[in-house]
Structures are given as C-alpha cells and as structure tokens.
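Please look over the model below before you read my notes.

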Amino acid sequence: MPGAREEMMGRLRAALGDVPPEETPLDVAVTRDYDRALDMPVSDRLAMFAERVAEYRATVHRVAGPSELADALGEACERHGVRSLVVAVGVPEDWRPAGVDVLDDSALTHAELDAADGVLTGCAAGIALTGTIALESGPLSGRRAISLLPDLHLCVIEAEQVLGTVSELFERVTPGLPVTLISGPSATSDIELNRVEGVHGPRRLEVFLLD
Amino acid sequence: MSRTERLGFPAAAREALADTQLRRNIGKATQTIRAKRAAVVEELDDWEELREAGRAIKERTLRHLPAYLEQLEASVTAAGGRVHWARDGAEANAIVAGIAEAHDSREIIKVKSLASDEIKFNEAMAARGISAWETDLAELIIQLGDDEQSHILVPAIHRNRAEIRELFQRTLAAEGEQVTDEPAALAELARKHLRRKFLSVPVGVSGANFCVAETGTICVVESEGNGRMCTTLPRVLVTIAGIEKVLPTWGDLEVFLALLPRSSTGERMNPYTSLWSGVTEGDGPEEFHLVLLDNGRSDVLADDFARQTLNCIRCSACLNVCPVYERTGGHAYESVYPGPIGAILTPQLVGLDEAGTLPYASSLCGACYEVCPVKIDIPSVLVHLRGKVVAKKREKRLDPEVAALKTAAFAFSTRGRYERAQKLSRGQKVLGRGRGSVPPPLSAWTGARDLPEVPTQTFREWWRGRANGHGGG
C-alpha cells in the first residue's frame, strides 16, 4: 500500500502541532519513584515466591538439593500418570526422572508434543512479588511450543534465580529473545466468572524450587 | 456484531435496562472484579507512583508518536518482521487477507483483540472466503452465538451457563454427545475443538497490548493460553496494533506489566504474558507481520486535551466502578469499547455526529478517574466532549441548551445583569410554579432532574446586609 505510511505520518505530525519542534522525548519528564526491587532477606523472598505461585493453584515443591530433584520429579510424574516426558535440550542429566520415557526435544513435531504427557524445563528467572516464572527461549527453558502443548508442565527454578520484581526480570532477560511469563496454570473465568484451570495451556503446573 | 445503525445511548440503554439477566450478570461481574482489584492494588505501597509513571510514559510517547513509530518499524524489520501501515479498518483487513491468501490459507486462528473487533475483522475475512476462528473462550461463545460483547474483559458475561451449554451442544458437540452445564466441562469442549485448529491452521492473528519501539518487541497478555498457541504454533503470525500501543523502551514494560493485570483481572499477574521480536530461528512462526492501525486515532491525537484518551491500556477497571455501566451493561454503548472509556473513545473515533450521546452517558462521579491505571481524566474529557457536542449543535440550529448557555453568558457578563437575573429567578416561586420545574422548553432539563430551590437571599445581598449590621447568617 504505497502512500499509507506517508499519509499516516503526515496526519500524526499535523495532529501534534502543539508540540514545539525543539522538544525531544526526554523533555517530557517521567518520574520513576516506584519500587524497582524488593527490600527483604533472601529467605523471605523465596517464601513469598513459593506462597504466591501456590496461590494460583500451581503446586510448589521446595527441594533441598540436586540429589533429591530427580526423585521429586519422578514422584510428580507418577502422581500424574506421566509416561512420556518432553525435556528441554539444556536440562541437566541429573534432573531427569527415572521410570518415564524421556523425549529430548531435538525437533519434535507439534503433533508429537501434543501427544506427550508432560514437559520438563528450567527457566530464566522467577518473580517473588507476582509469583511468576519466566521462560526465555534457549536450551534450559526450551522453545515456546514444548511448554505449551503437553498438559503438565514441570518447571525447575534455582534459588538464585528468584528475583523480587518485574523490573529486575527485565534487567536479566535478553531483549529480542522470546520470553513467556507464567503465573499459574492456564485459566478462564469466562463462564459466570467461575474459575476453570486449563483451557488451552497446560492444565497443571508444578514448580520445583531448588534451595 | 450485526448492529449497523446507532440508536444512541438513551434508547440503547432503555433496551438494556429491560434485560434483567444482563443487569444481574453485569452487576455480579463488576462487583466481583472490583473487589479483587481493590485487594491487589491495596497491597502495593507504590501504586500511585506506578500510575504516575504510566501516565508520563504515555504522554511522552504520544507527544512524539511519529518518531517512536519509525523506531518501532526499524526494530521490527531488523528482527526479521515486516511492518504495514493501515489508514483505516478496510486497509488493515485487506492487508491481513492478502497475507492469508499468499499462504493459501482459508482459515485464521485469532487471539481476542479489541482492535480487530473495532475493524470488524471477522466479517471482512468472511467476505473474502476466509474463516477467522476466535480462540478465547468468551469470544468463541460470542462468535458461535452471533452475539455482541458486553464487557472488555469478560465479553460473554451476559450469557449464563445454561445458554452456553445449549450453544455448545448445537455447535461443538459430536453426534450423540451430551454436554453438561459445568463450566469445566464446557471449557473442555472448547479446548478439544480448538486444539485441532491450533495444530493445523497456518496463519495466526493477534492484537498487541504493547509494542516496544526500542527492541521491536510485541507483548500480549492473556489467561487461557490461546494467545500463546496463536502466536507460537502457526507458520505465519500477523499482529494488528493501534498506533497508540507503542512504548519507548524495553524497561517501560515493567510499569505496564505492574499496572495492567492488577487493574484488569485483579490478579498480581495474569497467567500468561508472551513477548517476542520479529522471528526467532527454531522457535515459533517463520514469518511475522505487524499492521499499524490508525482508524481515527490521529484525530484523537489532534485534540491536545482529549489526547490522553489514547493512554488507555484496555484494562476495563473504569467499567467495573461505573454506576452507569453497572446498570446498562456494555451493549448500550453500541461499540466494542463500552463504559466510561467507550464514552470518550468511541465519539472521538467515529465522530460526534455518530456517537454524540455517549459523552452524556455518565454522572461525572469521577470513580473512573480514580481507578484508571494511566490517569485518564475521563470526567474532564467527557465535559470537554459535551462542549464540542454543544458547539456542533450551535452550528446547526438554535438548540435549547445553546440558548440556555447564551442566556447565561449574557447574564454573567455584567454585575448588574447578574443581580437582576438572581432576583428574577426568585420570581419563579411567585409565579406559582414551585420547586422542581421550569417552563418549556427548559422543562426538558427538569424532566429528569430536580431543580434546586432558589434561596430567599443571594450571597451578595447577605454580604451587603452584613456590612450594614443586620447580616443574619
């Protein structure tokens, strides 16, 4: 559509006739007096994270060390009857639970992901204030489709990854890469405001916090 | 979405007020969400600071919109996407249909998007033989029932579960399948129906909550996961974004992701927020298009007072606190943008000739301004637009309201006239008309309002009397 861009730009410039030509964007003051970090001890921050993730009706497990992680993940798989588990390529060997069919995500098709019972990923960070986990496209979080199509998402987060606020998250993740913020399982309140977990995304989310 | 001619708010509201189910459902929804919002806003000490930052970022953006749009175009292009410019809805629809046709697709999967509703996207696609599938549960209910949205956030809130059960039984259930009215069962049916679409349709269409000029990042917030599906699984993704959705920097997102979910659903954070920039090899769509939509927005921008209307981030907090919306529901506003924000946005987008009654759909109580996360002074914009409506009428004919305002201007212009007018107004009683009414044509005003009683003494009279030693008051 040649001309649309020029015409729109012309209209916008004409509409802003009241803005002095010498004004720059930074001349319009933005005061950022809000809190960009949480002022609390680490143990409180971790407790807040665990509590707030759970408030979305996700399950939170606090795991004492890496040696216990594979067992905790294995128990979760058993509880949910998971036989096939998709695993992001960068997930460490020693996290992988025994007793399930592990599908390494080299290039699984959408149909294969849809047929899998669950998925195991790490993450980029967590946010205590909002009870959020952040996935960033890459080896540990995987590509976006793998944490979307299987019905159960097992997500491991290490204590040092738990941040206080959204502001801290945006300092940590790489702009440009796909990022997905997850706060509890898929949900809707569209029918008479009754909350239903799981419409299209994973119906169950279990978070393993590695202390 | 079958409305073609506007009734005007008073007539449309009369229809809505007669619908008791609509009123009950809207009342329950607004009260529930209002309480949830209040609780999560209360727990933040820095809410006012966040609101002020949100307002200021929007002001900065709007005053320099051409530069930010150019920057956004460059960033999206650098990230492997393509940017299109659409002066109006027809142009935007033609661009998207052209993209679908170029990929030989007769189907599109769609994330709930107010911009697409505004430009009647689904009808435009249907006219070109393309089926656009709504994937948000409420939007699916609206689409299957050939119905209209009644709330920004929960568009099908006017429907109860029995009606939805009947609709799904008729449209989605397999032969012989019996559908129950349990919300979970209904959601499951929608899940199964749409999963097939998610896995097969090659073109996805979304709106945008925010577009970051600095990085070319698009941000979509949602709850169900249909947004993630539509923006991740198809080979081709098209985002239709109003030009006011741009934010200057990546860091600015921190303010809006704190403001939006708490104001909208009353959650600390919505279940899913998707952020992407152009295309990423090995992850998600292979082709990305961003359609930048004007469709009346540059006209809104041209009014330097009403410009703040474009701050709106579509949270719907103003709907939930509005005493007028709570009683009439969304349909009375005859627009995809209902409630207080609709009352100021719609007339500016479509023109005062089309929607000149909407600026009057308010009691000016100010609750909308108090909750607005980007501090749009909706009551003042309403009054400003009423002034424009009156000015327009003045151009056309001598209207009673215009005459009244002209008389007032004459009476207030000198002290003598003002004092004589005050004395005259006391004559109202002497004339025996009593309290609460005035003669025609001004009786149109008192038909819906009580006229305040005229005091026996004016302030000036009292003041003069006081100086003479018999003040009384």
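1. Start with one residue pair. In strand S7 of chain B, B:Val236 is the bridge partner of B:Val203. Strand S4 (residues 203–206) and strand S7 (residues 236–242) of chain B pair in the parallel sense over 4 bridges. Two strands pair if DSSP finds at least two bridges between them. Strands (E, at least two residues) and helices (H or I, at least four) are DSSP runs, numbered from the N terminus.

2. Know the ground rules. This is a predicted model, where local features need pLDDT of at least 70, side-chain atom pairs count only at pLDDT 80 or more, and totals for chains, interfaces and linings use all residues. Residues are numbered from 1 along each chain as its sequence is written, while chains are lettered from A and ligands numbered from 1 in the order in which they are written.

3. Now the whole sheet. In chain B, 6 strands form an open sheet with parallel pairing, in the order S1-S10-S7-S4-S2-S3. Strands S1 (82–86) and S3 (131–134) of chain B stand at the edges with a single partner strand each, so one side of each has no neighbour in the sheet.

4. Chain B overall has 23 helices and 10 strands. Its C-alpha atoms fill a box of roughly 90 × 55 × 50 Å, taken along the principal axes.

5. Finally, the two chains meet. The contact (C-beta atoms, placed from the backbone, within 7 Å) takes 73 residues from chain B and 61 residues from chain A. On the side of chain B that touches chain A, helix H3 (residues 47–63) of chain B gives the largest share, 9 residues.

Technical notes: Two residues are in contact if their C-beta atoms, placed from the backbone, lie within 7 Å.
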